[in-house]
Amino acid sequence: MKTLVIAEKPDMGRSIAAVIEPKAANRRTYLEGERYIITWAIGHLVGLAEPDRYDDKYKKWNFDDLPIIPETFKLLPNPRTKDQLAVIRELASRCDLLVNACDAGREGQLIFSLIRRYLRLKQPVRRLWISDLTAETIRRGFAELKDESAYDSLTEAARARSEADWLIGMNGSRAFTIRHNELLSVGRVQTPVLALIYDRQKQIESFRAEKFYEVTGVFEQGATAYRGLWQGDRIADPARAEAIAAKVKGKTGAVESYEVKDTKEYPYKLYDLTLLQRDANGKFGFSAKKTLDIAQALYEKHKVISYPRTNSNYVNEENIPEMHRVLDSLRGTEAYRAFAEKADKRLVHKGNRGVCNPAKVEDHHAIMPTMKRAGALSPDERKIYDLIVRRFLSHFYPAAEYKVHTVVTVVEQERFKTTVKQLLSLGWKVLLAGDGVGKDGDGAKGGRRGRRSGGDDPAGASGGDREPAESLLEETEAPFALDASQPVVCASAEAKEKETQPPKPFTEGTLLKAMESAGKQIEDDELREAMKDSGLGTPATRAATIERLKQVGYIEMQGKKIVITPKGRTAVELIRSAGVELLTSPEMTGQWEKRLNEIARGQASAEAFMNQVKRFAVQIVDKVRAQPPAVRTAFGGGDGPAPTRGKARRAGKSGSGSAASSASRRRAGTTAPAGDAAASSRRGRTAGGSARGAASGTGTATDRAGRRSGAGSRSGSPSAPAASTVAAAIAAKTSAIAAGTTSAAGSSSAARGIANSTETSMFPATASARRSSATVTVASALTASAPTFIAACPRPGCGGHIFMGRKGYGCSHYRSGCSFVIWKESFGRTLTDAMVRSLIEKGKTGRLKFKNTAGEAYEARLKLINPSTGELALEKL
């Protein structure tokens, strides 16, 4: 008998057949050779069944039927591709061995597993695990096939992710939709991502700009001239700034200190998918989905890059010879010959940890070009391919070298600081020519240009609290020389009015970065690397999450900016006010993803994970049941209160029964195999074949219904009065909800106990945070101009809440005499919201890195030693 090879898509199947069975007969839905039959899945052929497949009562959305927690999940073929499933069934009956050739990752593992389970295939299975579709790699992959049992843990993780997303999406979406008579999509990943956008918008709206003044001077010594920035506290008085400028202008001064340091800048890391999407968004304005689609075409159709859905920036030792061969092939191309011929293979070796780091490579190595030459690529494909090739080639070039001159000049007892970055050798940055500076670049072009050092915030995370720049950074290719023993003259000086800037709205690029780090603004590469297992979604699903938020009317694009709609704002506010803010917590959702990765490695139990998810689903329903309905205007629609429960509204028409019509609710309740937006199959296909799924799938019918029912969501106004209307609607029950209590209609105390135990055991930090802030009234929490609260004030008897100010974290009761404050700059560190929250709730931070006066690094943690004042101490470890 023959061996049946099941690929994920037709192009992949044909690529495999061309290598292992070059003379195979083409049967349209499969290719058959002497030893192998090669067919394909066309994405998800099988998914999780909708609720009405368990019981007809679920055709109508009724709160009394929630939560829906199947003992065993049923599988359902996708009607659109059921013929291909029948082909696989027939072909499998003729074969005694199966090869799983779906994508080498968690989602590919799920696709094959669902087919095998549904068709009850009993043949032994071997796994093809490859990172690109070149002939050499396919041949090597078939020579190294592994038994499918080696991937059992990955299969368990894939199944747990799918079923967990079904439980959270189905129960959360139905509960909120029924309660508020508005089609509200809730998902394990999409909801925290929406919350990130919401919180950024609130920061922007509550920001109040402050004017300040900078004084700069131009200093001369012989033929050398340089600019310096006045050093001191922020100047708010224009008269003082002008006085300083007048005081030093034309006067002679001295060089107080002059340091010269040689520095090197090494190439940026090889691309993973998220980094590629971020760069493409910044350079070309491409959406995350567009970049993913192009990368997938370069991989599947053109076969000119390796597997793109990777989360690694490194390669294994066995990839080093392959990189050398790829370099040789690029030397034969017209576009890259000049760069490739100057490249040095000796720089890419097994000991180069900037390239080769097996400990940081899991399923797939970083994205690289293959040995196949790129033929007829579209202009957009060429742009993405060019990014990948140039990043690849950069590692065969030496580091860029600079001399950094740091000067402190004193004139009339006023100090000015200057940093001059003198280029010695471009090194790998020659590859940035014609590509601007690059997102992290420092300027490949000649000439001198000035910019502030220490004041930029590329992520746009901070803003209003930004201090003035520390110095002026001057970049030059010309030699810079200064004699510190000789005087200098201040040739000119001026005072300039500046204004603090609000946080920047998210673009798809900066949102991807926030998703990757589970919402933490992490600039340190090592910390970002450590957080990769705790991000929101996976590289393969993040683009789908963003697209899903657009489809359901939660966000809109204004140019490159992401803007939350009234419907999106209200959704976040309702979820948080219901007492299930855990659904909006990026860090905790990141912990879910980390747990799934642990299951995939065999380090955690899938059963224990699912039990916790089920208890959390109970908690969601319990909390939402106690929430009063929102007013209709909260979603940007008409005036007046929303209909009562049981008279749901669809596209402006009222329904009957316990919910809206069966057809409407089924469109909103169907789930995709991938569960929620991010996880919705990266192919955009649903379990039932139709694009339905406010609960958690992808879709068109639901998308249309969601857009119609959220009529005002197309206004694009980020300042719509959603917060105030929601606050008014729920004012009657704010105390009970804030305290976490339920109404008589709620679940039993036992159910509440189960839900609470879930929150405590699986997400202890968030559970603690929520209990500590339980006294906040919902009305005040939803005030449009309210700052983001960090935690409850720890000062005994205060009752206030800590929020971030310009220079520190203070109490909302400061006008009543509360003097609690934690300064943002403490012990040489800039504290983050997460650090301050940990100080308040746990009394200490985690392990942090500090430097002593000699510049030596050491580890310590900050401790809160006085809860009344916010006084901190340093505890060395």
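1. Axes are lines fitted to C-alpha atoms, for helices over the stretch in contact, and angles run from 0 to 180 degrees between N-to-C directions. The model is predicted.

2. Overall make-up. The chain has 877 residues, and buried residues make up 56% of them. Its secondary structure comes to 26 helices and 30 strands. Of the contacts in the chain with a separation of 6 or more, 73% are between residues 24 or more positions apart.

3. Helix 5 and helix 18. On the helix 5 side the contact includes Leu167, Ile168, Gly172 and Phe176, and on the helix 18 side it includes Phe609, Val613, Phe616 and Ile620. The residues of this contact divide into 15 nonpolar, two polar and five charged.

4. Helix 3 and helix 5. Helix 3 (residues 106-119) and helix 5 have axes that come within 9 Å and cross at roughly 85 degrees. The range for roughly perpendicular is 65 to 115 degrees, and therefore helix 3 is roughly perpendicular to helix 5. Among the residues in contact are Arg106, Glu107 and Leu110 of helix 3, and Leu154, Ala158 and Arg161 of helix 5. This contact divides into four nonpolar, four polar and six charged residues.

5. Nonpolar cores. Which residues have the most contacts inside the largest nonpolar core? They are Leu4, Phe176, Leu511, Leu583 and Phe609, in a core of 91 residues. Helix 5, residues 152-180, gives the most to this core, with 11 residues. A second, separate core has 66 residues, including Ala17, Val99, Tyr307 and Trp428.

6. Surroundings of Leu4. Leaving out residues up to four places away in sequence, Leu4 touches Ile37, Thr39, Ile88, Leu91, Ala92, Cys95, Leu97, Leu98 and Val99.

7. In one of them, the side chains of Glu300 and Lys9 meet at 3.6 Å, N to O. Glu300 is in helix 9 (residues 288-300) and Lys9 in the loop between strand 1 (2-7) and helix 1 (10-20), so the pair, 291 residues apart, links distant parts of the chain. Are these two residues buried or exposed? Both Glu300 and Lys9 are buried. Glu497 forms a salt bridge with Lys211, with the closest N and O atoms 3.8 Å apart. This pair also links distant parts of the chain, with Glu497 in strand 17 (residues 488-499) and Lys211 in strand 10 (residues 211-221), 286 residues apart. Lys211 is partly exposed, at a relative accessible area of 48%.

8. Arg14 forms a salt bridge with Asp11, the closest N and O atoms being 3.7 Å apart. Both lie in helix 1, three residues apart, about one turn of the helix. Arg14 is partly exposed, with a relative accessible area of 39%, and Asp11 is partly exposed at 35%. Elsewhere, salt bridges that share partners join Arg106, Glu107, Arg161, Asp165, Arg188 and Glu593 into one network.

How values were computed
Residues numbered from 1 in each chain as written. Predicted model: local features only at pLDDT ≥ 70, side-chain atom pairs only at ≥ 80, totals over all residues. Heavy atoms only, no water. Core = buried A, V, L, I, M, F, W, Y, C linked by side-chain atoms within 4.5 Å. Buried < 20%, exposed > 50% of the residue type's maximum accessible area, 1.4 Å probe, protein only. Helix = DSSP H or I, 4+ residues; strand = E, 2+ residues; numbered from the N terminus. Contact = heavy atoms within 4.5 Å. Salt bridge = Lys/Arg side-chain N within 4 Å of Asp/Glu carboxyl O. Nonpolar A, V, L, I, M, F, W, Y, C, P; charged D, E, K, R; others polar. Parallel < 35°, antiparallel > 145°, perpendicular 65-115°, else oblique.
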